Amino acid sequence: MEINLGSLPFDIDFHPSDSLVATGLINGYLLLYRYAAETEPQRLVKVRAHKESCRATRFIHKGCAIVTGSPDCSILGTDVETGAKIAHLQNAHAAPINRIINLTEATIASGDDAGCVKIWDTRQQSCCNTFEVHEEYISDLTFASDSMRLLATSGDGTLSVCSVRSNKVQAQSEFCEDEPLSVVIMKNGRKVVCGTQTGTLLLYSWGFFKDCSDRFVDLSPNPVDALLKYDEDRVITGSCNGLISLVGILPNRIIQPIAEHSDYPVERLAFSHDKKLLGSISHDNVLKLWDMDELLQGSSTVTRNETAASGSDSGSDGDGMDVDSDLSNTSRGTKTKNNGKASSSSFGSFFAEL
């Protein structure tokens, strides 16, 4: 299933319980579609969310609203039913916003081009914390809900771990020449996997974030812009050459390429709420919805024995958090990101009070 968006997309997100998919475009528009098997997708909403590009898109409040972030430094809340603007925080960040993710039902996190990460608490109607640990753009964010820790990758060549409970930076990796672009948590929280500019996957052991514990180079030299966790042992990668691959983690191997979006870089990947569809966007201005059953035919070659073998490696590092005491500046990477890129009423009041 393909949807011609008419312009370059930067982010994609699926509704948490319904057959809806949203995407933000380079021209500032937010698009919302309803999809169904064997029928053409129906566009429900098309609104000009931002004057500049719409880089980040996320459903919040159980799918009642969509938040978007932009290089204009603002965060916008849009009602899913009507497409109406319900909140607009014009100066959410001091620099262009690059990523937004959900943390809990009442909190989101946003990251900008200056390396700043902010946590927004809708219950307190305020920005509850700011982490300024990075020196370059935030390339990706992910959240460990069990330990309430937020992980960020940055163009400065590092990975950081911030505690949402204590509002402290708990760890930061050493500078890595393999600039991290994407991040997921695997192996029941024991491993962190980063996709990089060189195509290498960096594996960090939880609690030991100073340096990676393993490198997987088989996807090189194509940058891995997008990572999507399929299960605890497998991750889906989106590369700069347009290939979408299923990759095993510990043991590390390319199980198989499962799709080719186009000849252009895969910008983002996302699952539908029931995980039956995989969504991908690229620079060809097309949103593609892939049937996961069809994609994974013949890919079930990861045996139970392989999975068991991988578990022994990942569990050997312990469960404790290694709080890095040295958070001083080191030499950083210089790449910068391309700048192309509850109820509605309660959400609105949250922003209005800021």
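## Close-up views of a predicted model

**View 1. A network of salt bridges links Asp11, Arg58, Arg99, Asp140 and Arg268.** The model shown here and in the views that follow is predicted, and a search of the whole structure finds eleven salt bridges in it. Asp11 forms a salt bridge with Arg58, in which the closest N and O atoms are 3.3 Å apart. Because Asp11 lies in strand 2 (residues 9-14) and Arg58 in strand 6, this pair ties together parts that are 47 residues apart in sequence. Asp11 also forms a salt bridge with Arg268, the closest N and O atoms here being 3.9 Å apart. That pair links distant parts of the chain, with Asp11 in strand 2 and Arg268 in strand 26 (residues 266-271), 257 residues apart. Asp11 and Arg268 are both buried.

View 2. The side chains of Arg58 and Asp11 are joined by a polar contact of 3.3 Å. When neighbours within four places in sequence are left aside, the residues in contact with Arg58 include Asp11, Ile12 and Asp13, together with Ala65, Ile66 and Val67, and also Arg99, Ile100, Ile101 and Asn102.

**View 3. The salt bridge between Asp18 and Arg34.** In this pair the closest N and O atoms are 3.2 Å apart. Asp18 lies in the loop between strand 2 and strand 3 (20-25) and Arg34 in strand 4 (residues 29-34), so the pair ties together parts that are 16 residues apart in sequence. Asp18 is partly exposed, with a relative accessible area of 28%, and Arg34, at 33% relative accessibility, also counts as partly exposed.

**View 4. An open sheet of four strands in the order 18-19-20-21, with antiparallel pairing.** Strand 18 (180-186) and strand 21 (214-216) are the edge strands, each of which pairs on one side only. From one strand to the next, the twist averages 25 degrees. Strand 18 and strand 19 (residues 191-196) run antiparallel and are joined by six bridges; Val183 has Cys194 as its bridge partner in strand 19.

**View 5. Gly242 in the loop between strand 23 (234-239) and strand 24 (243-248).** Gly242 counts as buried, at 0% relative accessibility. Residues up to four places away in sequence not being counted, Gly242 touches Ala259, Glu260, His261, Ser262, Tyr264, Pro265 and Val266. Gly242 and Ser280 are 38 residues apart in sequence, and their C-alpha atoms are 10.0 Å apart in space.

Key: Residues numbered from 1 in each chain as written. Predicted model: local features only at pLDDT ≥ 70, side-chain atom pairs only at ≥ 80, totals over all residues. Heavy atoms only, no water. Pairing = 2+ DSSP bridges. Helix = DSSP H or I, 4+ residues; strand = E, 2+ residues; numbered from the N terminus. Axes fitted to C-alpha atoms, helices over the stretch in contact; angles between N-to-C directions. Polar contact = N/O pair within 3.5 Å; in protein donor to acceptor, adjacent residues only side chain to side chain. Contact = heavy atoms within 4.5 Å. Buried < 20%, exposed > 50% of the residue type's maximum accessible area, 1.4 Å probe, protein only. Salt bridge = Lys/Arg side-chain N within 4 Å of Asp/Glu carboxyl O.
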